[in-house]
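Subject: Two-chain structure for you to look through

Hello,

Here is the structure I promised to hand over, and below it I have set out what was found. Please keep it open beside this message while you read.

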Amino acid sequence: MTLMITGTEVTFWICAVFAIAGAVGLVTLKKPVYSALCLALVMVSLAVIYASLGAPFLFAVQIIVYTGAVLMLFLFVIMLVGVNAQETLTETIRGHRIAVVLAGVGVLALLVLAVIQGANDTPVSAGPAEDNVTGLANLIFSRYVIAFEATAALLITAAVAAMVLAHPERIRAKILQPDRAAARLADYAKTGHHPGPRPSSGVFARHNSIATPALLPDGTVAPASVSEVLADRVAIASADDLLAAHDEVLAAIDGGGNPAVRALESGGAEPPHESPEKEEKGDD
Amino acid sequence: MTSTYAILAVILFTIGLTGFLVRKNALVIFMCVELMLNAANLLFVAFSSHYGILDGQMAAFFVMVVAAAEVVIGLSIIVMIYRSRQSTSVDAETILKG
């Protein structure tokens with residue numbers, strides 16, 4: 001190595017630190033999500049190194065394909081299979097970790113020695129004459145055109161295979177509308193459970209939210225008209241509240257001296273036009 | 001300088017190999033395989049730049065394409081196994097044991 005420091009070297013050392021830190025994090029962190037993010041760090045560092053080595057096409061492909069597609073697929077699957085799935089720390093095989101670390105050190109020493117022995121740092125040529133992307137395009141569509149077409153077939157095959165593999169098998173037959181209707185009627189014959197839809201919530205002159213129960217003809221609340229979830233979480237208006245509002249409205253109208261209402265109160269004939277009372281009573 | 005790139009690639013490869021052997025979550029094992037592929041790619045690009053020919057970059061490109069296809073298949077297999085066994089640990093897959 002020369003004493004002069006080039007931009008390529010500075011880039012290399014910065015990215016090398018990030019890449020190795022990311023790789024160590026990938027292996028040591030317990031949660032798969034953290035491992036995936038560390039792998040993203042490694043991949044982006046390598047992409048920058050590619051750019052500094054005069055390979056802008058691979059820089060872009062590394063970011064788009066690896067960091068963008070492959071890693072996001074990893075994260076997607078991690079979200080699918082449970083983010084918090086922690087590994088068991090017990091060793092299934094005794095002495096497994098120590099053996100692995102020894103093997104790792106051995107492989108590292110072997111490869112580093114091989115690299116040092118075969119080191120030849122003088123660049124063989126000054127670099128390709130043509131532009132990187134142009135040169136790669138010429139190569140892809142001449143010498144490597146068969147391999148390129150084969151990768152297209154490979155990607156199609158992989159996409160189809162993923163669809164086939166990830167498609168869940170239907171374990172039991174699909175329940176269709178006639179089956180549901182028959183089951184409802186059988187339930188009605190057996191338990192007397194009403195087969196039709198449940199009553200809608202109450203619509204009154206002053207209240208029409210889904211938390212308002214409908215009133216039955218005898219003035220009590222129809223329990224099925226409000227969802228159980230709402231009944232558990234929200235204070236449902238009682239029949240007394242609703243009737244009190246009704247009486248209040250009636251009293252106000254009586255104060256105004258509406259003869260139709262007075263006739264109704266005294267048990268007379270139906271008033272000729274709609275009154276607030278009619279609106280309330282006509283609900284159930 | 002090329003040997004420095006080679007050393008970095010070797011270090012990344014070894015870390016990936018160690019992780020592949022140590023970890024038990026199938027997803028993390030898969031990520032370690034990706035790390036090893038990336039290390040090999042780095043070596044390809046470094047030597048492509050060293051010799052001034054683009055065939056190395058071509059090889060790295062094909063490695064990326066094959067890795068993408070491999071990830072698609074591998075992850076769908078992991079999802080399939082998870083669906084039937086509710087686990088991604090490679091220790092849990094003992095159904096083929098005689």
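Which residues of H5(A) are buried? Before the answer, please bear in mind that this is a predicted model. In H5(A), the buried residues are A:Asn132, A:Gly135, A:Leu136, A:Leu139 and A:Ile140. If you look down the axis of H5(A), these buried residues fall within an arc of 135 degrees, so they line one face of the helix. What they pack against comes from both chains, namely H3 and helix H6 (145-166) of chain A, together with H3 of chain B.

Chain A has eleven helices and zero strands, and 26% of its 284 residues count as buried. Among the contacts in chain A with a separation of 6 or more, 46% are accounted for by residues 24 or more positions apart. Chain B has three helices and zero strands, so that, in the sense of a DSSP assignment, its elements run α-α-α from the N terminus on. Of the 98 residues in chain B, buried residues make up 62%, and residues 24 or more positions apart account for 51% of its contacts with a separation of 6 or more.

Next comes the nonpolar core. The largest one has 61 residues, and within it A:Ile49 and A:Phe74 touch the most other members. The elements that give two or more residues to this core are, in chain A, helix H1 (7-28), helix H2 (32-52), helix H3 (56-80) and helix H5 (132-140), and, in chain B, helix H1 (2-22), helix H2 (26-51) and helix H3 (55-85). H3(B) gives the most to the core, with twelve residues. To see how A:Ile49 sits among residues of both chains, leave aside its neighbours within four places in sequence, and you will find A:Ile49 in contact with A:Phe12, A:Cys15, A:Ala16, B:Tyr5, B:Leu8 and B:Leu42. As general background, nonpolar side chains in soluble globular proteins tend to be buried together.

Two pairs of helices deserve a careful look. In chain A, the axes of H2(A) and H3(A) come within 9 Å and cross at roughly 175 degrees, and because an angle over 145 degrees counts as roughly antiparallel, H2(A) is roughly antiparallel to H3(A). Residues that make this contact include A:Pro32, A:Leu39, A:Met43 and A:Tyr50 of H2(A), and A:Phe59, A:Tyr66 and A:Ile78 of H3(A). By class, the residues of this contact divide into 19 nonpolar, two polar and no charged.

In chain B, the axes of H2(B) and H3(B) likewise come within 9 Å and cross at roughly 175 degrees, and these two helices are therefore roughly antiparallel to each other. Among the residues that meet here are B:Phe30, B:Glu34 and B:Phe44 in H2(B), and B:Met64, B:Glu70 and B:Ile78 in H3(B). The contact of H2(B) with H3(B) has 15 nonpolar, five polar and two charged residues.

B:Arg83 is partly exposed, with a relative accessible area of 40%. Apart from its neighbours within four places in sequence, B:Arg83 is in contact with A:Ala166, A:His167 and A:Pro168.

With best wishes

How values were computed
Residues numbered from 1 in each chain as written. Chains lettered and ligands numbered in written order. Predicted model: local features only at pLDDT ≥ 70, side-chain atom pairs only at ≥ 80, totals over all residues. Heavy atoms only, no water. Core = buried A, V, L, I, M, F, W, Y, C linked by side-chain atoms within 4.5 Å. Buried < 20%, exposed > 50% of the residue type's maximum accessible area, 1.4 Å probe, protein only. Helix = DSSP H or I, 4+ residues; strand = E, 2+ residues; numbered from the N terminus. Contact = heavy atoms within 4.5 Å. Axes fitted to C-alpha atoms, helices over the stretch in contact; angles between N-to-C directions. Parallel < 35°, antiparallel > 145°, perpendicular 65-115°, else oblique. Nonpolar A, V, L, I, M, F, W, Y, C, P; charged D, E, K, R; others polar. Arc of directions from axis to C-beta.
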